[in-house]
Amino acid sequence: MQSMEFHSLRKLYLLLSFSILFLSSFLAHAKVTFKYCDKKGNYDVKVSGIEISPNPVVSGDPANFKISASSGKAISGGEVVIGVSYIGVPVHTERIDLCQEVTCPVSNGNFVISHTQTLPSITPPGPYALKMTLKDDNGELLTCIKFNFKIVFGSLVSDI
């Protein structure tokens, strides 16, 4: 009888372990809520979702931001402008050639802007806000979105 109880406990432990791993994996890739900069704006590029991995972002480790979008027209080139604020204070601005983030020209339809950034290990933990604008190669605004994310400290002890 004791062997049977141990066997059942072992199954329960395995089930809980897999459940925790699944949940943590799901949360690490959870979609992010965003808002358009101008709620009444009729942007040519419509954003359908944002994923941040890992989520929360870990200082000192690479973080990947994937923005799923669609366009009703082909985009031959342009610029992605990223502005980051920490507790409402601007702390970082970056301008990136769109063609470094996606294959140009971007055909009409769905596409994904994927950007990886490694934050310095001394980046303060806390709430951050990101504003991303996408302009075409003529400087015309295609879309503008805002979303929040969180940064946590990475491990200060290396794995031995």
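Reader: What is the mean pLDDT of the protein?
Author: The term pLDDT is the predictor's confidence in each residue, from 0 to 100. Its mean over the protein is 82, and 78% of the residues reach 70 or more. Over residues 6-29 pLDDT stays under 50. For residues 6-29 the model has 8 contacts (heavy atoms within 4.5 Å) beyond four places in sequence. Where pLDDT is low, the predicted coordinates should not be read in detail.

Reader: How many helices and strands does the protein have?
Author: There are 2 helices and 9 strands. Helices (H or I, at least four residues) and strands (E, at least two) are DSSP runs, numbered from the N terminus. Along the sequence the pattern reads α-β-β-β-β-β-β-α-β-β-β.

Reader: Why is the bond between Cys37 and Cys144 called a disulfide?
Author: A disulfide is a pair of cysteine sulfur atoms within 2.5 Å. The sulfur atoms of Cys37 and Cys144 are 1.9 Å apart, so the pair meets that rule. By the rule, the protein has 2 disulfides.

Reader: Why is the disulfide of Cys37 and Cys144 left-handed?
Author: The torsion about its S-S bond is about -70 degrees, so the disulfide is left-handed. Cys37 lies in the loop between β1 (34-36) and β2 (45-53), and Cys144 in strand β9 (residues 141-152), so the pair ties together parts 107 residues apart in sequence.

Reader: What joins Cys99 to Cys104?
Author: A disulfide, with an S to S distance of 2.1 Å. The torsion about this S-S bond is about -100 degrees, so this disulfide is left-handed. Cys99, at 33% relative accessible area, is partly exposed, and Cys104, at 25%, is partly exposed. With bonded cysteines counted along the chain, the disulfides follow the pattern 1-4, 2-3.

Reader: Why is the ring pair of Tyr86 and Tyr128 called tilted?
Author: Rings of Phe, Tyr and Trp (its six-membered ring) pair if their centres lie within 6.5 Å; planes under 30 degrees apart count as stacked, over 60 as edge-to-face and the rest as tilted. The centres of Tyr86 and Tyr128 are 4.7 Å apart and the planes stand at 35 degrees, so the pair is tilted. Tyr86 is in strand β5 (residues 78-86) and Tyr128 in strand β8 (residues 126-136), 42 residues apart, and the pair links distant parts of the chain.

Reader: How do you know that Tyr128 is buried?
Author: Its relative accessible area is 5%, so Tyr128 is buried. Tyr86, at 22%, is partly exposed.

Reader: Which residues do ring pairs link into a cluster?
Author: The cluster holds Phe65, Tyr86, Tyr128, Phe147 and Phe149. The structure holds 7 aromatic pairs.

How values were computed
Residues numbered from 1 in each chain as written. Predicted model: local features only at pLDDT ≥ 70, side-chain atom pairs only at ≥ 80, totals over all residues. Heavy atoms only, no water. Buried < 20%, exposed > 50% of the residue type's maximum accessible area, 1.4 Å probe, protein only.
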